[in-house]
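The sequence and the structure are shown first.

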Amino acid sequence: MRVAVVIALLVIGSIAFHFLSPWWMTPIASNWGALDNALILTFWVCGAVFIALNLFLAYSIYRFRHREGSRATYEPENIGLERGLTFWTAVGIVLMLAPGLIAWNKYISVPDDAAILEARGQQWQWSFRFPGADGVLGASAVEHISADNPFGVNPGDPWGRDDIIVESSELHLPLNQPVKLLLTSTDVLHNFYVPQFRAKMDLVPGTTTYLWFTPTKKGTFEILCAEYCGVGHHAMRGYVVVESDADFNTWLSDFPTQSELAGPAAEIAAIE
Amino acid sequence: MTTYTTIAEDTRPLHHPKTWVGKYVWSQDHKVIAIQYSLTAVGVGLVALVLSGLMRLQLAFPGAIPFITPEAYYQFVTMHGMIMVIYLLTALLLGGFGNYMIPLMIGARDMVFPFVNMLSYWVYLLSVIVLLASFFVPGGPTGAGWTLYPPQAITDGTPGAGWGIITMLASLAIFIVAFTMGGLNYATTVLQARTKGMTLMRMPCTVWGIFVATILGLLAFPALFVAAIMMMLDNTIGTSFFMPSIISMGEPLSHSGGSPILFQHLFWFFGHPEVYIVALPAFGIVSDIISTHSRKNIFGYRMMVWAIIIIGVLSFIVWAHHMYVSGMNPYFGYFFATSTLIIAVPTAIKVYNWVLTLWQGDIHLRVPLLFAIGFIFTFIHGGLTGLFLGNVSVDVPLSDTYFVVGHFHMVMGVSPILVIFGAIYHWYPKITGRMWNNVLGQLHFWITFIGVYIIYLPMHYLGLLGVPRRYYEMGETDFVPASVQWANEIITIAALTVGAAQIIFFYNLISSYFRGEKADPNPWGATSLEWQTPDTPPTHGNWGPTLPTVHRWAYDYSVPGAAQDFIPQNVPQGEPGADGDKM
Ligand code: HEM
Ligand SMILES: [Cu+2]
Ligand SMILES: [Cu+2]
């Protein structure tokens, strides 16, 4: 009896909590509205099921609580009812799955005009590499990493020489320009996550992963590492500053290219 | 020609041990082994509970407790998670309840391999000792997260990357040996030692849940076993199964060419079925508790059994839903999202059938049923949030946030634990011959049930905001409003209260054992065989001179025309007062 009332109150309490608490998805600042929409659809479908099932539960407990002389009905099964419930559950599932898969399709298909750049994680900091004037990132490997070659760009690869090395945890991006981030790590797993952008992907040492998004709001957003990477995990932060093209170009021009960093000697050595 | 006797017909007397040590220490009686398993699991589970309290203190009052450094916090997270999932829940549900209930519910005298059964417990104890020893090795226990992802698990930036991880891997390997001995026993017993008339489709749901979970374990644990061995080799003799060439803390390591993602596949090939290894026994047990206390057959028994089997099978093709943002081939996302959401259908059917069992029942709201109802509520909650995380693109923003922490605690932390409490209250009178104190039982239920909801509901919202999991502290961050600190304090207060409330539970069990009222052999009027033993508590051999014969399914409650509102499984058809068999 009491438990029926409490179940009903918990349902009401959850609804109240949902509307009264100040916490909800952080306002979005990228093109990933499709992810939000899939989430919100799921939220309402599941919310409705949560309310309906629990209220039915509470009502059953209340209505069929033991009273003097009461006796249960004997009904081993009811195939029709079970089939119907199965069918409608399946319909609900399809309803949520379809938009989810469509959004995923977008998530993994990078548009052709996306600018490419590399985000590098290492315990416990971020750094970035832009492809420079040729628009192509040079090949890299951890074996080449040294003090004046922090990204391990292959000195023999001509595409790498004009790469711009940003040894800073602050990344600037031009507004409304789709970007494809190539994600690499030199040590352990990390994850590039900016809550306002919604997108998220692990950095995996030994291979390159990617994610893409279009920043749609100017401002400064925090990068959080979202894959456990050792004692400094919670402190592995960075910033993304979204700004106008002009501001972005001024910012980028402050950073050295690979050949400026390594000096011409490294390349000559590599050629010989 | 050789003639075979079935195990059920075997009438040779059992060898009864004479000494106290033979009875209670090196015991081969499944009931004693079950108690040994349960007490050990609960004991180590208390360690995990204390660790969770410490973590919560750190999250509510960052830095206030000097010894909770980031290293310590991550070690606590790891040990808490691993102990809860493996050493508490798996061991308690299969080693504890599986051992106690299988032979009694199917009408056997014991497990088919009693000696191996005993060995299983002692090997399990060894794994627990090795696990606890890791708190005392140089560098402390591993802080790699319970998922133990390499390279981090074995490189220097992680606490316990030397001895800690080695003891953890060794302990897991030993645990798996113990589980395999126990598991082969449970499965063989169910298949071979059922008493006359106990067809598979007459077994109580409890046995079905434990049986299928055991088979999942036998197929899934080997993946963890090889992963543990491979990681051990990477760590000790420098192989590169999971290790690409990396630079760890400025030092290039000599590994090259290994794949960290391979480990994740192996881990989750075990890890997802593991969720069901914990869930299926709980599903089975809760079905029987609901049915018994609402005096009504479990609704749609055949569907319930098939749902357990289908969930078991499907659980092997959904593992990569834990890896949507791991960097695996993104096309896998379509497949694993689809398979994961398909599993929701049989799972939903189970929930409907639990509620429909209550519908038109004659509901006795005793403590075991209260816990079962609590389970239905938390499981609905956790199951629904699973639909978010299973649906690949919805998972992207939520993955690795507190939404995940809220989800898995609801679905595989709180839900099975509520069932375990319910089950203990349900079977305690049979196991000890005494009755627990009702007032304390009610109090325990209310504090625990309301408390856990206060702990976990807000966590989902923190996750929606974007707060990541496994964070020692959030620090000053723009997108996190100050009110989150406030939420963290409330969660911690609730968590400490729930933790402390367990004292009521233990006090109740212990004091009732000595001073409780003598219990009726079948206080709930239940139909299944374990309530029909000649002695309470059942003695060695369970059934006295003759094994029971089964004449009906386990759910003849409130049969029309019958004198009583239940007909035990061993009552023949057409007995006075009993009507024809309905199934
Ligand atoms: C009152 C009870 C409990 C409390 C207060 C609690 C609290 C916590 C906290 C604070 C974390 C760390 C979150 C983070 O920093 O990411 C955690 C992680 C975890 N808990 Fe619990 N927990 C409880 C019970 C359980 C139970 C019963 C299970 C059984 C399944 C469980 C399984 C886990 C797992 C698997 C993790 C993840 C560990 C990791 O991230 O490596 N917990 N819990
Ligand atoms: Cu990290
Ligand atoms: Cu899973």
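In this predicted model, chain A holds an open sheet of 5 strands, whose order is S3-S2-S1-S5-S8 and whose pairing is mixed. Strand S3 (164-166) and strand S8 (209-213) of chain A form the edges, each of them pairing on one side only, and the twist from one strand to the next averages 25°. Strands of a sheet pair through backbone hydrogen bonds, and the pairing may be parallel or antiparallel. Within the sheet of chain A, strand S1 (residues 115-122) and strand S2 (residues 125-130) run antiparallel and are joined by 5 bridges; one of the residue pairs is A:Glu118 with its bridge partner A:Arg129 in S2(A).

The metal site involves chain B, where the copper ion (ligand 3) is coordinated by B:His272 through ND1 and by B:His321 and B:His322 through NE2, at 1.6 to 2.0 Å. In sequence, the spacing of these donor residues is H-x48-H-H. B:His272 belongs to helix H7 (residues 260-293) of chain B, whereas B:His322 sits in the loop between helix H8 (301-314) and helix H9 (332-358), so the pair ties together parts that are 50 residues apart in sequence.

How exposed or buried are B:His272 and B:His322? The table sets out the two values.

| Residue | Relative accessibility | Class |
|---|---|---|
| B:His272 | 5% | buried |
| B:His322 | 32% | partly exposed |

How values were computed
Residues numbered from 1 in each chain as written. Chains lettered and ligands numbered in written order. Predicted model: local features only at pLDDT ≥ 70, side-chain atom pairs only at ≥ 80, totals over all residues. Heavy atoms only, no water. Pairing = 2+ DSSP bridges. Helix = DSSP H or I, 4+ residues; strand = E, 2+ residues; numbered from the N terminus. Axes fitted to C-alpha atoms, helices over the stretch in contact; angles between N-to-C directions. Donors = N, O, S within 2.8 Å, 3.2 Å for Na, K, Ca; no water. Buried < 20%, exposed > 50% of the residue type's maximum accessible area, 1.4 Å probe, protein only.
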